[in-house]
Amino acid sequence: MIKMDCKKSGALIRRLRLGKDMTQSALAEKLGVIVQAVSKWERGLGYPDVSLINDLSSILGVDAKGGLLCGELSENACDSGT
């Protein structure tokens with residue numbers, strides 16, 4: 001069972017986004033949401049809609065279950081592909 005934590009998940013989304021040199025606006029555009037939604041997630045005030053989790057995980061290069069939703073990455077959770 002995954003224990004979800006808004007603050008941890010938001011901080012992870014922010015860290016991964018910045019690691020890809022991506023702005024909140026760029027991430028929002030890729031996901032088809034408004035920039036305020038990305039800001040809300042990163043501040044820990046809510047979660048992305050479940051319909052966005054797979055795309056968000058793919059864009060950020062992480063596993064949805066093992067990292068993004070719980071707000072923590074295991075050593076092998078990051079995709080090191082180009």
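The largest nonpolar core in this predicted model has 15 residues. Those with the most contacts inside this core are Ile13, Leu27, Trp41, Leu56, Leu60 and Leu68. Four helices each supply at least two of the core residues: α1 (6-19), α2 (24-31), α3 (35-42) and α4 (53-60). Nonpolar side chains tend to be buried together in soluble globular proteins.

**Overall build**

- The protein chain has 5 helices and 0 strands.
- Read from the N terminus, the order of elements is α-α-α-α-α.
- The chain holds 82 residues, and 39% of them are buried.
- Take the contacts in the chain with a separation of 6 or more: 55% of them join residues 24 or more positions apart.

**Isoleucine 13**

- This residue sits in helix α1.
- Is isoleucine 13 buried or exposed? Its relative accessibility is 1%, so isoleucine 13 counts as buried; the cut-off for buried is under 20%.
- Which residues does isoleucine 13 touch, leaving out those up to four places away in sequence? They are Leu27, Trp41, Glu42, Pro48, Leu56, Leu60 and Leu68.
- One of these partners is Glu42. Isoleucine 13 and glutamate 42 are 29 residues apart in sequence. In space, their C-alpha atoms are 6.2 Å apart.
- Ile13 is also among the residues with the most contacts inside the largest nonpolar core.

**How α2 and α3 pack**

- Two packed helices are described by the angle between their axes and the distance between the axes.
- For α2 and α3, the angle is about 110° and the axes are 8 Å apart.
- Angles of 65 to 115 degrees count as roughly perpendicular, and α2 and α3 are therefore roughly perpendicular to each other.
- Their crossing is right-handed.
- On the α2 side, the contact is made by Gln24, Ser25, Leu27, Ala28 and Leu31.
- On the α3 side, the contact is made by Val35, Val38, Ser39, Trp41 and Glu42.
- Leu27 and Trp41 take part in this contact, and both are also touched by isoleucine 13.

**Confidence in the model**

- The average pLDDT of the protein chain is 84. A score of at least 70 is reached by 76% of the residues.
- Which element has the highest mean pLDDT, and which the lowest? Helix α2 has the highest, at 98. Helix α5 (residues 64-68) has the lowest, at 69.
- Residues 75-82 have a pLDDT below 50. Beyond near neighbours in sequence, this stretch has 7 contacts in the model.

Notes. Residues are numbered from 1 along each chain as its sequence is written. This is a predicted model: local features need pLDDT of at least 70, side-chain atom pairs count only at pLDDT 80 or more; totals for chains, interfaces and linings use all residues. Side-chain values use heavy atoms; hydrogens and water are left out. A nonpolar core is a set of buried Ala, Val, Leu, Ile, Met, Phe, Trp, Tyr and Cys residues joined through side-chain atoms within 4.5 Å. Buried means under 20% relative accessible area, exposed over 50%, partly exposed in between (1.4 Å probe, protein chains only). Contact means heavy atoms within 4.5 Å. pLDDT is the predictor's confidence in each residue, from 0 to 100. Axes are lines fitted to C-alpha atoms, for helices over the stretch in contact, and angles run from 0 to 180 degrees between N-to-C directions. Angles under 35 degrees count as roughly parallel, over 145 as roughly antiparallel, 65 to 115 as roughly perpendicular and the rest as oblique. A crossing is left-handed if the near helix is turned anticlockwise from the far one by less than a right angle, and right-handed if clockwise.
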